[in-house]
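Subject: Handover of a structure and what was found in it

Dear colleague,

Here is the structure that I promised to hand over. Please look through it first, and then read the notes that follow.

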Amino acid sequence: KHRFQNETVARLTLQVQTLEERPRQAILWLLSVGRPAKHQEICRGLGFPLAGGAYVKFGTGIKKAVAAGFLAQEADGLHVMIREQVVAGLGAYAPSPEATEATYQHLVAALANMEGSPSSPTCIT
């Protein structure tokens, strides 16, 4: 059980670390404001371009984060879904609330590690 749980954490960590830098910053920004926001509001909040190739690339990166399940696009904007991903990923192993929270914090730390160097996934049981 422990091995499979650690493999799940490693998979989630790798998915977070392979997101492009601007979507990672957007997720961290959304976490800091604590509410959903639309693409343009996120770009204004982070000083990203609101038009052109950089904006299109940002949108593509956001779509990848949505596809990975770390964000959800709804009518009121983008919602951070990291905790939900942790719960879904670890649910089969019935982790303690502390283990779930530790995994969530690990993924947020991986998001903040903008150099993209993989950190060792630690579990979390």
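Threonine 100 belongs to helix H6, and, when residues up to four places away in sequence are not counted, it touches Val86, Val87 and Pro95, contact being defined as heavy atoms within 4.5 Å.

Before going further, some notes on provenance. The model is predicted, so local features need pLDDT of at least 70 and side-chain atom pairs count only at pLDDT 80 or more, while totals for chains, interfaces and linings use all residues. Residues are numbered from 1 along each chain as its sequence is written, and side-chain values use heavy atoms, with hydrogens and water left out.

The chain as a whole

The protein chain holds six helices and two strands, which follow one another from the N terminus as α-α-α-α-β-β-α-α; both kinds of element are DSSP runs numbered from the N terminus, helices being H or I with at least four residues and strands being E with at least two. The radius of gyration of the protein chain is 15 Å, which agrees with the value near 14 Å that a compact globule of 125 residues would have; the radius is taken over C-alpha atoms, and the globule rule is 2.2 Å times the number of residues to the power 0.38. Along its principal axes, the C-alpha trace spans about 50 × 30 × 20 Å.

Of the 125 residues in the protein chain, 38% are buried. The accessible surface comes to about 6,500 Å², and 57% of it belongs to carbon and sulfur atoms; these areas come from the Shrake-Rupley method with a 1.4 Å probe, and for residues only the protein chains shown count as cover. Among contacts between residues at least 6 apart in sequence, 61% join residues at least 24 apart.

Besides Thr100, the buried residues of H6 include Tyr104, His106, Leu107 and Leu111, and what covers the buried residues of H6 includes helix H1 (2-17), helix H2 (21-33) and helix H5 (82-90).

Helix H2 has 13 residues that should span 18 Å at 1.5 Å a residue, and its end C-alpha atoms are 18 Å apart, which agrees. Glutamate 21 and leucine 111 are 90 residues apart along the chain, and their C-alpha atoms are separated by 8.8 Å. Just after H2, glycine 34 takes a positive phi of about 70°.

Glycine 61 lies in helix H4, residues 52-67, and counts as buried at 2% relative accessibility. Residues up to four places away in sequence aside, glycine 61 touches Glu20 and Pro23, while its C-alpha atom is separated by 17 Å from that of leucine 12, 49 residues apart from it along the chain.

Leucine 71 lies in strand E1, residues 71-74, and likewise counts as buried, at 2% relative accessibility. Leaving aside neighbours within four places in sequence, leucine 71 has contacts that include Ile27 and Leu30, Ile62, Ala65 and Val66, and also Met81. The C-alpha atoms of leucine 71 and methionine 81, ten residues apart along the chain, are separated by 5.0 Å.

Which residue has a positive phi although it is not a glycine? That residue is alanine 94, with a phi of about 45°. Most residues other than glycine have a negative phi. Alanine 94 is found in the loop between H5 and H6 and counts as exposed at 59% relative accessibility; its C-alpha atom is separated by 29 Å from that of proline 36, 58 residues apart from it along the chain.

Definitions and conventions: Buried < 20%, exposed > 50% of the residue type's maximum accessible area, 1.4 Å probe, protein only. Expected span 1.5 Å × (residues − 1).
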